[in-house]
Amino acid sequence: MNHRERFICAFSRRKPDRVPIFEPTIDKPIIQKLAIMLQISSSDKKILETIEQQKYVQVYCDVLERLGLDAISCPLSTGLERISHNRARDKYGRVYILSPHGEPFPAEPYVKSLSEAKRFNMSSKLKLEDFSISRQIITRFGDSRAYCMP
């Protein structure tokens, strides 16, 4: 059974050959430490701290491959705008608390009432570039993995 088959099998409530391994989110400092521990090329700490997005996604994929994850989380690039020293808002209006490392964690729901739910239209705000990280990850792994969008 390959990674993708294992994950889909388990989510279909069937018995896979082993328990699928999946981590819905691994923040940047952990990826940096794992890259160094796993001796992944270009994982010098100073390089990783200043790394541009495309190179970071490459290192992220290298780490995921070495970990042998059966499913991979593919985040959207939602363009966070800082609204205070530890909070940010995405283009859909959701507010996040930022960790000391700058990792966003949802602080408020997208929709707070039924009337807001009727007006909320996330798909009208999506653009092709919002999927740039996901495209890089899927290009790298192809159909060998299952993909999830948080």
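H4 gives the largest share of the lining of the largest pocket, four residues. Helices (H or I, at least four residues) and strands (E, at least two) are DSSP runs, numbered from the N terminus. This is a predicted model, in which local features need pLDDT of at least 70 and side-chain atom pairs pLDDT 80 or more, while totals for chains, interfaces and linings use all residues. Residues are numbered from 1 along each chain as its sequence is written, and side-chain values use heavy atoms, without hydrogens and water.

**Largest pocket**
- A pocket is an open set of points on a 1 Å grid over the protein atoms alone, where a 1.4 Å probe fits, with protein on both sides within 12 Å along at least five of seven lines; lining residues have an atom within 4 Å of a point.
- Its lining has 34 residues, and Thr25, Pro75, Leu76, Glu103 and Pro104 lie nearest the centre.
- Helix H4 (53-67), strand E2 (81-84), strand E4 (95-98) and strand E5 (104-106) each supply at least two lining residues.

**Sheet**
- Strands E2-E3-E4-E5, in that order, form an open antiparallel sheet; two strands pair if DSSP finds at least two bridges between them.
- E2 and E5 are at the edges with a single partner strand each, so one side of each has no neighbour in the sheet.
- Antiparallel E4 and E5 are joined by three bridges, and Tyr96 has Pro106 in E5 as its bridge partner.

**Phe131**
- Phe131 lies in the loop between helix H5 (114-119) and helix H6 (132-141).
- Beyond its neighbours within four places in sequence, Phe131 contacts (heavy atoms within 4.5 Å) Leu76, Leu126 and Met149.
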